[in-house]
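Reader: I am new to this one. Please walk me through what is shown here.

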Amino acid sequence: MSDLRDLYQDVILEHSKAPRNYKELPAANHKAEGFNPLCGDRFTVYVTMDGDAIRDISFQGSGCAISKASASMMTQIVKGKSAAEAEKLFESFHNLVTGQANTNGGAELGKLAVFSGVSEYPARVKCATLAWHTLQAALEGKQETTTE
Amino acid sequence: MSVAAKGVSGAGFDVERVRADFPILQQKVHGKPLVYLDNAATSQKPRAVIEAISRYYEGTNSNVHRGVHYLSELATAEYESVRETARSFLNAADHKEIIFVRGTTEAINLVAQSYGRAHVGSGDEILITEMEHHSNIVPWQILCKERGAMLRVAPISDAGELDLDSFSKLLGPKTKLVSVTHVSNALGTINPIRRIVDMAHSVGAPVLVDGAQAVPHLKVDVQALGCDFYAFSGHKVYGPTGIGILYGKTALLEKMPPYQGGGDMIMSVTFEKTVYNRLPYKFEAGTPDIAGVIGLGAALNYVSRLGIERIGAQENEVVRYATDAVSTIPGVRVIGTAKEKAGVLSFTLGEVHPHDIGTILDREGVAIRTGHHCSQPVMQHFGIEATARASFALYNTKEEADALVRAIEKVREVFA
């Protein structure tokens, strides 16, 4: 049970049940759909860019607790950041969930450190990173992306 | 359950003894005894199958139908004897109606590309059902697109049963082929094949049956069913992956053009003209999966020795027990409640995503499948993205069903 709690930490469960920024953004000027064909998880990420800054961000869709919580917490942490900062965060986050973090992710990942347990569950890495891949696609102007 | 009755069902099936035949079942996963309930994806292999393959490679390995030397004759004899085993297993009229293919998917593609391209034209129709696996949808979409034909789909009820009235209304003079699953992989529903065949034949349409999920659980008699084609995969019936069987009636197979060209499927070749081999070799181009065929033969013999009716009775008892127990867990919705079912317990649990169920069950040693089960239209019918699916085989026990229930309770604890 204890190792399951490493994955399903309270913060993750809480975000999965009550995801933040879970809505459509009518004013979004960037938008992409992310799809994991393996399990059917599907999210749309909406971004309003103001110059190089992510002024607003939201998401909608369906997926497991890990993917939904990850999307929810991603929208919180990248809001107000620049595209380049978001990209760097994704890199750190990816290293964290794949167990390649040379440090513990550092202060920059903040609350996202709760996803460190994912590295023990290789099958779930794609769940944790789906929203991030989708954000990346949105910022690059792609309409859709998949985890495959 | 009394102690004396432990592991022995009413049918007198000694499940503990059977379990000892499967080496892989003896292991622990994440420190817990493995409870393997992903049999609809693939079944485990008994020692008899593993040893038949080893024996072949250690003592008989040679190419078939070619050499005059000792080993080639041995390999050919063993390979061809499996064709007779399969004929008898399906009660086909003739061994030349048994074609070795890679699996159910290849069998369906063979019929679509060979029979379909020769007989389906512009404006014609192919009829399938809403409960088909993607492998019994996509080959027909490819064919229909190529020929300008139309794919028609007979709907299912909310219990997951085929709507036979709608099915019969969709049949007509334009129907050139009906392709239907015997047992649904996502729902476990058993379709009334004999009735479907009679209805289809009344408009002159031949019927292909996808038997991938039926052969491990039900007695299949292709002559009693009356179907024109029957396809199944070896690996779901305790045999190796990469080998399967297409049964086809001689009269249809004779008229069909080859599916693939190559060695073994020809009688003679010149650059001007090639004469194709007789049945069944016309459809077996290239060196086949000889070891796979021999492993499949061992698997079919294993099942026949235990008796498919006894296997089915044992499984039904465990599936019913598991279904009753899982149904009482708060939040559980069983997907697929047909009166006639085999082997499958598909469910959802409140708002918990099936992927999370699968991960937590895995940590308890319980292996299930989660997702859309390659049947996205079925998921759409029930308004869900995915289910958790426990699927059973001859070696599963009521104790394992109890372990499944305990593991689902763990999911509820985590997501409380």
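Author: Axes are lines fitted to C-alpha atoms, for helices over the stretch in contact, and angles run from 0 to 180 degrees between N-to-C directions. Helices (H or I, at least four residues) and strands (E, at least two) are DSSP runs, numbered from the N terminus. This is a predicted model, where local features need pLDDT of at least 70, side-chain atom pairs count only at pLDDT 80 or more, and totals for chains, interfaces and linings use all residues. Residues are numbered from 1 along each chain as its sequence is written, while chains are lettered from A and ligands numbered from 1 in the order in which they are written.

Reader: At what angle do helix H2 and helix H3 of chain A pack?

Author: H2(A) covers residues 10-17 and H3(A) covers residues 65-78. Their axes lie 8 Å apart. The packing angle is about 85 degrees.

Reader: How does H2(A) then stand to H3(A)?

Author: That angle makes H2(A) roughly perpendicular to H3(A). The classes are these: angles under 35 degrees count as roughly parallel, over 145 as roughly antiparallel, 65 to 115 as roughly perpendicular and the rest as oblique. So the word for H2(A) and H3(A) is roughly perpendicular.

Reader: How many residues of the contact of H2(A) with H3(A) are nonpolar?

Author: H2(A) brings Ile12(A), Leu13(A), His15(A) and Ser16(A), and H3(A) brings residues including Ala65(A), Ile66(A) and Met73(A). Two residues are in contact if their C-beta atoms, placed from the backbone, lie within 7 Å. Ala, Val, Leu, Ile, Met, Phe, Trp, Tyr, Cys and Pro count as nonpolar, Asp, Glu, Lys and Arg as charged, and the others, Gly among them, as polar. The contact of H2(A) with H3(A) has three polar residues, one charged and, of nonpolar ones, six.

Reader: How many residues on the side of chain A that touches chain B are nonpolar?

Author: The contact takes 13 residues from chain A and 12 residues from chain B. On the chain A side, three are polar and two charged. The nonpolar residues there number eight.

Reader: How far apart are the centres of domain 1 and domain 2 of chain B?

Author: Domain 1 of chain B is 15-45 + 307-414, and domain 2 is 50-305. These bounds come from an automatic or database domain assignment. Over C-alpha atoms, the centres are separated by 28 Å.

Reader: Which element gives the largest share of the side of domain 1 of chain B that touches domain 2?

Author: In this contact, 26 residues of domain 1 of chain B meet 29 residues of domain 2. Elements giving two or more residues to the domain 1 side are helix H11 (308-327), strand E14 (344-349) and helix H13 (376-381) of chain B. The largest share, five residues, comes from H11(B).

Reader: Which strands stand at the edges of the four-stranded sheet of chain B?

Author: The order in this open, antiparallel sheet is E13-E14-E17-E16 (chain B). Each edge strand has a single partner, so one side of each is left without a neighbour in the sheet. Two strands pair if DSSP finds at least two bridges between them. The edge strands are E13(B) (332-335) and E16(B) (369-371).

Reader: Which strands stand at the edges of the seven-stranded sheet of chain B?

Author: This open sheet has mixed pairing and the order E4-E10-E9-E8-E7-E5-E6 (chain B). The edge strands each have a single partner strand, so one side of each lacks a neighbour in the sheet. They are E4(B) (98-101) and E6(B) (150-154).

Reader: What is the bridge partner of Phe100(B)?

Author: Four bridges join E4(B) to strand E10 (residues 244-248) of chain B, and the two run antiparallel. In E10(B), the partner of Phe100(B) is Ile245(B).

Reader: At what angle do helix H3 and helix H10 of chain B pack?

Author: H3(B) spans residues 70-90 and H10(B) residues 290-306. Their axes are 9 Å apart. The angle is about 40 degrees.

Reader: Are H3(B) and H10(B) parallel or oblique to each other?

Author: Their contact includes Ala75(B) and Phe89(B) in H3(B), and Ile290(B) and Ser304(B) in H10(B). By their angle, the relation of H3(B) to H10(B) is therefore oblique.
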